[in-house]
Every structure is written in C-alpha cells, then in structure tokens.
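Dear colleague,

Here is the structure for your files. My notes on it follow below.

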Amino acid sequence: MKTRALLAWNARRIRVSRGISQEKLAHEARIDRSYLSGLERQSKNPTIDLLERIAEALGVQLFEFFVRPPDA
C-alpha cells in the first residue's frame with residue numbers, strides 16, 4: 001500500500017471508529033471539510049503540521065496514520 005493510500009485509509013478508519021463526521025473533524029482540525037474529504041480520497045497531500053492537527057483532533061498519535069493494516 002502506498003503511503004498516501006495508507007494515510008487516507010487510517011485517517012478515515014480512525015475517524016469512523018470514533019463516530020466523528022468529516023464536518024466535525026474538519027472544524028476541530030481547523031481545515032475545510034472538502035480538503036479532509038480529498039485527503040481521505042487520496043487527492044490531497046497534507047503537510048506534517050496539518051496531520052498533527054488532525055491527529056490531535058482525533059486524539060491519536062501521528063504515527064497511527066502510518067500503521068499498516070493486517071493482511072486480509
């Protein structure tokens with residue numbers, strides 16, 4: 001899995017598992033909802049600063065965006 005796909009998959013997985021909407025996460029991370037949607041669709045390439053804000057809003061460590069899924 002490429003890094004951008006891994007980031008997108010984990011960001012969405014974590015957000016959905018916490019029951020947070022894109023709108024709420026975007027507001028808490030101080031970004032536009034359409035940008036967050038693009039990140040989850042792999043069409044955006046976020047900065048480290050932005051990833052830190054998203055991780056903080058989700059209550060996770062930054063490295064969790066780069067954890068590979070189990071083979072399934």
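Which residues in H3 are buried? They are Leu36, Ser37, Gly38, Leu39 and Glu40. Buried means under 20% relative accessible area, exposed over 50% and partly exposed in between, with a 1.4 Å probe and protein chains only. Helices (H or I, at least four residues) are DSSP runs, numbered from the N terminus. H1, H2 and H4 are among what covers the buried residues of H3. Just after H3, glutamine 42 has a positive phi of about 70°.

This is a predicted model, in which local features need pLDDT of at least 70 and side-chain atom pairs count only at pLDDT 80 or more, while totals for chains, interfaces and linings use all residues. Residues are numbered from 1 along each chain as its sequence is written, and side-chain values use heavy atoms, with hydrogens and water left out.

Alanine 8 is in helix H1 and counts as buried because its relative accessibility is 3%. Leaving aside neighbours within four places in sequence, alanine 8 is in contact (heavy atoms within 4.5 Å) with Leu39, Glu40 and Gln42.

The largest nonpolar core has 18 residues, of which Leu25, Ile31, Ile54, Leu58 and Phe65 touch the most other members. Such a core is a set of buried Ala, Val, Leu, Ile, Met, Phe, Trp, Tyr and Cys residues joined through side-chain atoms within 4.5 Å. Two or more residues each come from helices H1 (3–17), H2 (22–29), H3 (33–40) and H4 (48–58); H4 gives the largest share, 6 residues.

Regards
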